[in-house]
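Colleague: I am new to reading models like this one. Could you take me through it?

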Amino acid sequence: MTAPRSHSLIIGAGLAGLAAADVLAGQVGASEHQVTVVEPSGRVGGVLGTVHHDGWLVERSADCFLAARAEAVALVERLALHAELIGVEPRARRALVWHAGRGVPVPAGFRLMAPGRADGILTTALLSPWGRARLLFERFVPRRLPSTSDDDESLESFAVRRLGREAFDQLVQPLASGIWTADPARLSMAAACGDFLAMEREVGSLWGGERARLRRQGGVPEATGARYGQFVTLASGMETLPRRLADNLRSRGVRFVTGSISTLERTDDARWRAEGAGLDAATTTADTVVIATPAHVAARIVGHIDSSLAADLSGIDYAGSCIVSLGFARDRVAHPLDAAGMVIPRVAGRRILAVSFSSSKFPGRAPPGCVLMRVFLGGALDREAMDLSDDAMIDLALSEVGQLLGAQGEPKLVRVERWNHAMPQYHVGHVARVARIEEAVARHPGLALAGAAYTGVGIPQVISSGQAAAAHCLKTRR
Ligand SMILES: Cc1cc2nc3c(=O)[nH]c(=O)nc-3n(C[C@H](O)[C@H](O)[C@H](O)COP(=O)(O)OP(=O)(O)OC[C@H]3O[C@@H](n4cnc5c(N)ncnc54)[C@H](O)[C@@H]3O)c2cc1C
């Protein structure tokens, strides 16, 4: 067997790292080019994980992904997993907001912050008559055009300016918190909600922009809120995707090494040398490197080669969150659970962010006669929640689902997942920071960064970032 002539090193076996390995392994003949993925945990998928237990299927983090973007669905199809794709159950294609002691549906046609239908707004119980009038007035609010090319605005400032304070407090804040677990006063519109920003800039209003989008789609979708109708999962759980991809990569000769990279250096012959724990001789030297770890880990890895790049990477803030999964016998929960879940406005003064009705969204998540729900705590606005003990979190979650959903008695399943520093925060200025990071990376041929920290936290965006990083490496390697 001939020795490989070139070597690509992928740091991190989350979805971004695996997507990068997929492109690199496909580009060059296996005997010519070796691809190695280094991962400390000994498993693939990063934050993605699925637990199967006595007929329960519990997702440890992500439970679905957006089907409207091509990357994830295309990967699922290529891995011959398409028969496993399932959409949200029709009766669960709506979201509830906790309001005045009950769960109230998001107004018909309202998409995160875009009002698509007047009747939905006129009839919603979530807003006072003044709040509804102010929301309907959105189409007459003058557009704000950027004064410089990197002008940015927070989601809170944008939504209050366009929709009014009440619609922000009762609708936009809880829906956005359910997606980004972010502080809306710091969350960058340009980084997180570029499509809504474009509606204001190009059409003049969210109302006009959303109507135009619906006309292009040829009708009004039935789904409301966070676009649940367009979300899909895998019948056997989200972890199947990285596992199947890793199996596929192994079959194409990609090596997986259990180890951890601490630093990167340039060698005299313009290759890369990695240092860390658990690495063998075949792993340490590479022609191309994709760093697909969280940004604060990437900052440490590049610290020796580029201090300004490291500073920009370590400036990306992370928040934590916690999920308490609770399973009950169906007759122990009074609420019909006829939605994807319920989000809780911060102004309601409760400690939880949202409850996802997992067994209503997808089949096969709970044994017959039982229901599964996931309670979310923490996020950027309640960082102290991560200091609670597991028992305190469980007590809190049980008390909240008792009051919000009428869940009574002993749960049949209880599981706590802690995600410390796992959620990158796209603060105002994030797009400019990522542009500086890309400029800095371009100074180092054969190096690329991938993952949730940069251009999107959702699964399709993370896959896309891994693919783009691999393409960049191939283009710039020496
Ligand atoms: C609780 C939660 C719920 C979510 N829900 C959804 C959802 O419903 N839908 C959706 O689309 N998205 C969701 N997301 C977001 C999405 O799951 C993530 O953005 C995505 O999976 C991140 O992938 P990644 O490869 O960038 O990072 P990760 O999955 O974090 O992978 C990074 C990898 O790098 C490894 N690593 C770390 N340090 C080193 C080192 N020194 N050397 C080598 N390797 C290292 C880690 O062990 C890890 O395996 C959720 C995220 C969380 C945390």
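Some questions and answers follow.

Modeller: Two notes come before we start. This is a predicted model, where local features need pLDDT of at least 70, side-chain atom pairs count only at pLDDT 80 or more, and totals for chains, interfaces and linings use all residues. Residues are numbered from 1 along each chain as its sequence is written.

Colleague: What radius of gyration does the protein have?

Modeller: The radius is taken over C-alpha atoms, and the globule rule is 2.2 Å times the number of residues to the power 0.38. With 478 residues, a compact globule would come out near 23 Å. The protein agrees with that, at 23 Å.

Colleague: What share of the residues is buried?

Modeller: A residue is buried if 20 or more other C-beta atoms, placed from the backbone, lie within 10 Å of its own. Of the 478 residues in the protein, the buried share is 50%.

Colleague: How many strands are there in the protein?

Modeller: Helices (H or I, at least four residues) and strands (E, at least two) are DSSP runs, numbered from the N terminus. The protein has 17 helices. Its strands number 22.

Colleague: In S15, which residue is the bridge partner of Arg273?

Modeller: Strand S14 covers residues 272-277 and pairs with S15 in the antiparallel sense over two bridges. In S15, the bridge partner of Arg273 is Thr285.

Colleague: How many residues does domain 3 give to the contact with domain 2?

Modeller: Domain bounds come from an automatic or database domain assignment. Domain 2 is 64-91 + 318-424, and domain 3 is 107-143 + 153-220. Contact means that C-beta atoms, placed from the backbone, lie within 7 Å. Domain 2 gives 14 residues and domain 3 gives 10.

Colleague: How many residues of the shell around the ligand are charged?

Modeller: The ligand is surrounded by 36 residues, near meaning a C-beta atom, placed from the backbone, within 6 Å. Ala, Val, Leu, Ile, Met, Phe, Trp, Tyr, Cys and Pro count as nonpolar, Asp, Glu, Lys and Arg as charged, and the others, Gly among them, as polar. The shell has 23 nonpolar and 11 polar residues, and its charged residues number two.

Methods: Pairing = 2+ DSSP bridges. Contact = placed C-beta atoms within 7 Å. Buried ≥ 20, exposed ≤ 12 C-beta atoms within 10 Å, placed from the backbone.
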